[in-house]
Amino acid sequence: MVTVDRDFLFQTLADLIRINSVNPTLVPGGAGEAEISEYVARVLGDIGLDVRKLEPEPARISVLGTISGTGGGRSLMLNAHYDTVGVEGMDEPFSAVIREGKIYGRGSFDMKGSLAAQIAAVKALRDAGIRPRGDVVIAAVADEEYGSLGTMSVVDAIKTDAAIVTEPTAVQICLAHKGYLWIEVEIKGRAAHGSRFREGVDANMRMGRFLAQLDKLEQDLRARTPHPLVGPPSLHAAMLHGGDGLSTYAASCKLQIERRTVPGETEKQAVGEIQAIVDSLSASDATFQAEVRPFFVRNPFEVPRQAEIVKTLARASKAVLGREPNYMGDTPWMDAALLQAAGIETVVMGPGGRGAHAAVEWVEMESVAQMAAILAQTAIEYCA
Ligand SMILES: [Zn+2]
C-alpha cells in the first residue's frame, strides 16, 4: 500500500479552507471559485499533473488534473466541489484551526477535506512512482451548491470509465441518493369585484381543494415501500401565492411543489400523480381549471453493489480500514447523478465530520487521511 504524505494533506486542506470560495449565485457577493481554482491548479501542477481549467461562465472555474495512463487501462475521475455555502453566523469560517483531531471552517467537511484527500491520493501514487495504465483525473468543480455548472462542464469535456464523488459519508460507501423535481401548479380563477359573487371564480378557494388532495398524496408517498437505502419519496408545498387584492376575486393561485424522488421513480410518473389530482377535481367541477408545469429536475442516483468501481472501492476500504466497509444511501442530491447520466459508473464516498451548511463545521482529520489512502489504492487497482 502507498504512503500518504500527511503533512502535505493537512497543509493543503488548511490552505483550501482559508481561501474563501462561497458560491456567488447562492450568496450574492460570494467570492466564487477564481482564487481557489488558481490554488488548486498550482498544487496539481506541482505534483506533476496535466492541468486544464474549464470556465463555462465567467469566473466559474473548475480544474481538471490528469495523470495520463501508459495505455489500455480503465480511467477514473475523483470528483469534489470546492464552492461552499455562505458563512453567516460562523465565528471562524476561514480559520482552519485544529482541535482534538478536527479541522474547522466553512467547507472543511463539505467538501474541502474530500478534495485534499483526492490530491494527496494522487500525490501518493506519484511519490511511489506508480503510473497506472488508465488515466486518473482529479476534478475540482465549481457551483455544486447551486446549479452544478462545474460537473456539467466536466462531463462535456471528458469521459472516464468510473468516478468517485467524494462527498462526505463518514467513510462509508454511498450507493444511492434521492432526486428532486420542482413543479408549479397554477389554479385559474376569474377576477371580479368582491361584491360580484356570480362573476368571480375564486382561485384561492380552489387551491384549497387541491391542497387537501395533495396532502393525501403526500401521506401516501411516505407510506409506500421505502427504498432500502434512501427511504420513501416525499413532497412539500413549498411556496404559495394567490390573489391581487382584498376586494377582488383571485384570478390565479400558484403553488410551487418540491417532490423528492427515489431511485426507480421517473419525472413522468411523479408529475402524473399530481396531474391526476387536477383531472379528478376538474371532472367534478367545470370551474376548476389548473395547469401543472414541471420546471426543474434532478434525477435520483443508484449504483449496483456489483459494479466494478464499487467492488474495487470496497476492497481498498477493507485494506485501509481493516474491516468490511459499511454501505449507505443519502437523501440530498449530489453531482453523482450527472456523472452517472453521462455514462460514467459512479459511487460516492468521503470523510466524516459535521456541520455542512451549519454555523460550526469540521472534518475529522483521521478520516481524511483514510480517504486519501482508500482513493490511492482504488486508483491503483481500478486503473491498473
Ligand atoms: Zn457538498
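Helices (H or I, at least four residues) and strands (E, at least two) are DSSP runs, numbered from the N terminus. With that in hand, let us walk through the structure together. This is a predicted model, in which local features need pLDDT of at least 70, side-chain atom pairs count only at pLDDT 80 or more, and totals for chains, interfaces and linings use all residues. Residues are numbered from 1 along each chain as its sequence is written, and side-chain values use heavy atoms, with hydrogens and water left out.

Let us begin with a pair of helices. Helix α1 covers residues 6-18 and helix α2 covers residues 34-46; they pack at an angle of about 160°, and their axes are 11 Å apart. Here axes are lines fitted to C-alpha atoms, for helices over the stretch in contact, and angles run from 0 to 180 degrees between N-to-C directions. That makes α1 roughly antiparallel to α2, a label for angles over 145 degrees. On the α1 side, Phe8, Gln11, Thr12, Asp15 and Leu16 meet Ile36, Tyr39, Val40 and Val43 of α2, where contact means heavy atoms within 4.5 Å.

Next comes helix α3, residues 108-127. Of its 20 residues, 18 are buried, so α3 is largely enclosed by the rest of the structure. Buried means under 20% relative accessible area, exposed means over 50%, and partly exposed is in between (1.4 Å probe, protein chains only). Now look at the backbone of this region. The peptide bond from Asp110 to Met111 is cis, with omega near -5°, and Met111 has its place in helix α3. Just after α3, Gly129 takes a positive phi of about 70°.

Most residues other than glycine have a negative phi, and most peptide bonds are trans. Asp143 is not a glycine, yet it has a positive phi of about 65°. Asp143 sits in the loop between β6 (136-141) and α4 (149-157), and Asp143 is buried, with a relative accessible area of 2%. His357 also is a residue other than glycine with a positive phi, near 65°. The loop between β16 (353-354) and β17 (362-364) holds His357, which is partly exposed, with a relative accessible area of 48%.

Finally, consider the cysteines. Cys174 is buried, at a relative accessible area of 0%, and Cys253 is buried too, at 3%.

Notes
Angles under 35 degrees count as roughly parallel, over 145 as roughly antiparallel, 65 to 115 as roughly perpendicular and the rest as oblique.
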